[in-house]
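Visitor: I have a new model to look at. Can you walk me through it?

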Amino acid sequence: MRKITAGMFISLDGIVADPQDWHFPYFNDEMGEAVSALVAPADTLLFGRVTYDSFAGAWPEREAAGGEDAGFAKALGDMRKIVASHQDLEFDWRNSEQLQGDLVEAVALLKAEEGGEISLSGSPSVVRQLLAAELIDELHLLVHPVALQNGGLRLFDEGDPIPLQLLSVKAFKTGVTHQVYGPASAPADAGYDEAKEHIS
């Protein structure tokens, strides 16, 4: 069974939209290591269409430019890239293909294949659906110490509760916290009568 990890830049008030507009002031070596560590064990990248378009619009050019990030750009280009979309897509970035069929069913089959890890970057709609289906093994949230307050897309906006357990947390020098969550069973029913036992 292949491991699926998802990584997300997220603001303090839960916004994940347009990270290119607010994320970069917080990018340092610690963040770079965290991002690289998410991708390094994977041989497959899974995207929603919007996030894929963002990657495909940037990384091939960076690989061709031969700059400091060209090695990382080449690694992304060499990996298998699968895009979930309701539209029929055409691809210019090598090793890209469209996910066929129902998202949850197709990813469950993908997870059951032989191979390395599957990594998701961004793609909040895909992440929400796969979390609800208990297909994501680790959710990495890079929580930025800024409240954007702009009404942007949030990772969790509506739907049924999704219980998670905290696996690890690390604070960066910038104030970003790298929080890693995994699936968990729903907590037992409790109210104030149970909680007050723990009040000294």
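Guide: Start with a term: contact means heavy atoms within 4.5 Å. Helices (H or I, at least four residues) and strands (E, at least two) are DSSP runs, numbered from the N terminus. The model is predicted: local features need pLDDT of at least 70, side-chain atom pairs count only at pLDDT 80 or more, and totals for chains, interfaces and linings use all residues. Residues are numbered from 1 along each chain as its sequence is written, and side-chain values use heavy atoms, without hydrogens and water.

Visitor: What do the buried residues of α4 pack against?
Guide: Buried means under 20% relative accessible area, exposed over 50%, partly exposed in between (1.4 Å probe, protein chains only). In helix α4 (residues 70–78), the buried residues are A70, A73, L76 and G77. They lie on the same side of α4 because they cover an arc of only 120 degrees around the axis (taken from the directions from the helix axis to the C-beta atoms). Their packing partners are α1, β2, α2 (49–56), α3 (59–65) and β3.

Visitor: In β8, which residue is the bridge partner of V143?
Guide: Strands β6 (residues 138–144) and β8 (residues 177–183) run antiparallel. Five bridges join them. For V143, the partner in β8 is T177.

Visitor: How many residues apart are Y52 and F91?
Guide: Rings of Phe, Tyr and Trp (its six-membered ring) pair if their centres lie within 6.5 Å; planes under 30 degrees apart count as stacked, over 60 as edge-to-face and the rest as tilted. Y52 and F91 are edge-to-face, with centres 5.4 Å apart and 85 degrees between the planes. Y52 is in helix α2, while F91 is in the loop between β3 and β4.

Visitor: Over which ring does the charged end of K81 sit?
Guide: A charge sits over a ring if NZ of Lys or CZ of Arg is within 6 Å of the ring centre and within 35 degrees of the ring normal. For K81, the distance to the centre is 4.6 Å. The ring belongs to W93.

Notes: Two strands pair if DSSP finds at least two bridges between them.
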